[in-house]
Amino acid sequence: MKVAVEEINAAGGLLGKKVELKVYDGQSDINKYPQYAQKAALNDRVVMVQGALSGAAREATRPVLRKYKIPFIYGSFYEGGLCEKNTFCVNTGGNQQVVPLLEWSFKNLGKKLYYIASDYNAPRNFGIWNHVMAKREGGQVLADDYYPLDVTDFTAAIAKIQAAKPDVVHSCLVGGPAMSFYRQWAAAGMLKKIPIISIVFAAGNEHEVLAPEETDGVIVAYNYFQELDTPKNKEFLAKVEAVAGKNHPYINGEVFGGYSGVMLWAEAVKRAGSFEREAVLAALESSIRWEGPAGVMTTDGPTHNTTQDVHIIKVENRVWSLIEKKEQIPPDTYGGKCNVFTNPNQTDFLMPQI
């Protein structure tokens with residue numbers, strides 16, 4: 001977000017004004033998110049809020065911003081299904097990551113899938129997508145295996161996977177437990193035997209923390225990865241280096257959402273000729289097309305999500321390489337149920353149907 005703001009201000013700002021970035025540290029404490037959302041709205045009188053990385057943080061934040069009519073840009077990839085007038089999701093939704101990844105996996109790795117995941121709302125929603133895609137592609141989900149976030153010993157889980165003999169393991173484990181799983185999976189000699197796919201691996205740069213012999217061959221799907229070989233991405237990385245220095249952390253798809261969210265919002269402000277909520281939301285709903293480091297992104301009015309490219313990539317020796325590019329995947333409308341034009345008061349989630 002800081003890179004985006006500095007880029008905007010270097011080009012003269014927006015509507016003759018400089019953009020100021022105010023940062024609130026939620027400290028991974030869900031109780032702080034509604035407090036800071038209220039402070040941003042009432043004390044600091046912001047014109048837009050972006051952040052609240054996790055699903056739980058997002059759900060603690062958006063009711064407050066809706067109440068005070070402050071546009072909320074959600075920059076994290078997520079399970080999909082969020083359909084709300086006051087919120088715009090600029091990263092990938094569930095269908096934009098898991099659908100292309102599972103299409104590729106069922107075609108190239110085999111039909112028998114074993115799902116292991118952390119036990120909270122997003123992985124369970126992604127778990128539904130496994131069954132949707134298995135039905136569509138003639139595959140089979142052998143198990144839905146969920147673990148609390150504090151589990152670190154996966155010995156029994158690995159034994160269950162070995163006994164099931166899947167063609168592929170789909171991992172949606174997050175945080176510290178995920179690190180433990182990948183280490184134990186490799187230590188059991190499984191990394192070269194059964195391929196792993198994931199839509200969350202490397203969101204926390206796990207591939208840079210873990211050793212290559214613990215991660216080589218993992219396949220993921222993201223809109224952005226740092227190794228993208230395009231002129232726009234080279235320009236972007238030069239801007240990141242100018243702001244954050246040469247030794248900045250790896251820029252992944254999760255981080256990229258911070259940049260793309262601000263840039264799409266800026267395009268909306270310019271089109272609207274205003275910072276006012278209704279004008280900016282109307283502009284975002286008018287199919288804003290922006291070409292950035294990850295390719296073309298276009299805002300989708302009815303769903304308040306975005307159409308974008310998704311890249312299926314594989315890690316070897318901590319470097320990601322492109323397997324396949326899926327171009328311009330639109331957001332899911334959930335059978336037409338997600339439409340803020342016909343239902344502007346909708347604020348809940350929609351779930352994929354098996």
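In this predicted model, His304 is found in the loop that joins β10 (295–300) to β11 (305–316). The backbone of His304 has a positive phi of about 55 degrees, although the residue is not a glycine. Most residues other than glycine have a negative phi. His304 counts as buried because its relative accessibility is 0%, which falls under the 20% limit for that class.

Asn205 is another non-glycine residue with a positive phi, in this case of about 60 degrees. It is placed in the loop between β7 (196–198) and α8 (206–209), and at 12% relative accessibility Asn205 counts as buried. A positive phi is also found just after helix α1, where Gly12 takes a value of about 110 degrees.

**Helix α1 and its partners**

Helix α1 covers residues 2–10, and its buried residues are Val3, Ala4, Val5, Ile8 and Asn9. Against which helices do the buried residues of α1 pack? They pack against α10 (231–244) and α11 (253–272). Two packed helices are described by the angle between their axes and the distance between the axes.

For α1 and α11, the packing angle is about 35 degrees and the axes are 7 Å apart. On the α1 side this contact is made by Val3, Ala4, Val5, Glu7 and Ile8, and on the α11 side by Tyr259, Val262, Met263 and Ala266. Divided by class, the residues of the contact of α1 with α11 are eight nonpolar, no polar and one charged.

The axes of α1 and α10 come within 10 Å and cross at roughly 100 degrees, and α1 is therefore roughly perpendicular to α10. Here Lys2, Val3, Glu6 and Glu7 in α1 meet Lys239, Val240 and Val243 in α10, and the residues of the contact of α1 with α10 divide into three nonpolar, no polar and four charged. Val3 and Glu7 are named in the contact with α11 and again in the contact with α10. An α-helix has 3.6 residues a turn, so residues three or four places apart point the same way.

**Helices α6 and α7**

A further helix pair is formed by α6 (residues 155–164) and α7 (residues 175–187), whose axes come within 10 Å and cross at roughly 55 degrees. The two helices are therefore oblique to each other, and α6 passes α7 in a right-handed crossing. Thr155, Ile158 and Ile161 of α6 make the contact with Phe181, Gln184 and Trp185 of α7. By class, this contact of α6 with α7 has four nonpolar, two polar and no charged residues.

**Asp145 in strand β5**

Strand β5 (residues 140–147) contains Asp145, a residue that counts as buried because its relative accessible area is 8%. Once neighbours within four places in sequence are left aside, Asp145 is in contact with Tyr114, Tyr115, Ile116, Ala117, Ala157 and Lys160. Among these partners, Ala157 and Lys160 fall within the residue range of helix α6 (155–164).

**Cysteines**

A search of the whole structure finds one disulfide. It is formed by Cys83 and Cys338, whose sulfur atoms are 2.2 Å apart, and the torsion about the S-S bond is about 100 degrees, so the disulfide is right-handed. The pair links distant parts of the chain, 255 residues apart: Cys83 is in the loop between β2 (72–74) and β3 (87–89), and Cys338 is in the segment after β12 (319–329). Both Cys83 and Cys338 are buried.

Technical notes:
Residues are numbered from 1 along each chain as its sequence is written. This is a predicted model: local features need pLDDT of at least 70, side-chain atom pairs count only at pLDDT 80 or more; totals for chains, interfaces and linings use all residues. Side-chain values use heavy atoms; hydrogens and water are left out. Buried means under 20% relative accessible area, exposed over 50%, partly exposed in between (1.4 Å probe, protein chains only). Helices (H or I, at least four residues) and strands (E, at least two) are DSSP runs, numbered from the N terminus. Contact means heavy atoms within 4.5 Å. A disulfide is a pair of cysteine sulfur atoms within 2.5 Å. Axes are lines fitted to C-alpha atoms, for helices over the stretch in contact, and angles run from 0 to 180 degrees between N-to-C directions. Angles under 35 degrees count as roughly parallel, over 145 as roughly antiparallel, 65 to 115 as roughly perpendicular and the rest as oblique. A crossing is left-handed if the near helix is turned anticlockwise from the far one by less than a right angle, and right-handed if clockwise. Ala, Val, Leu, Ile, Met, Phe, Trp, Tyr, Cys and Pro count as nonpolar, Asp, Glu, Lys and Arg as charged, and the others, Gly among them, as polar.
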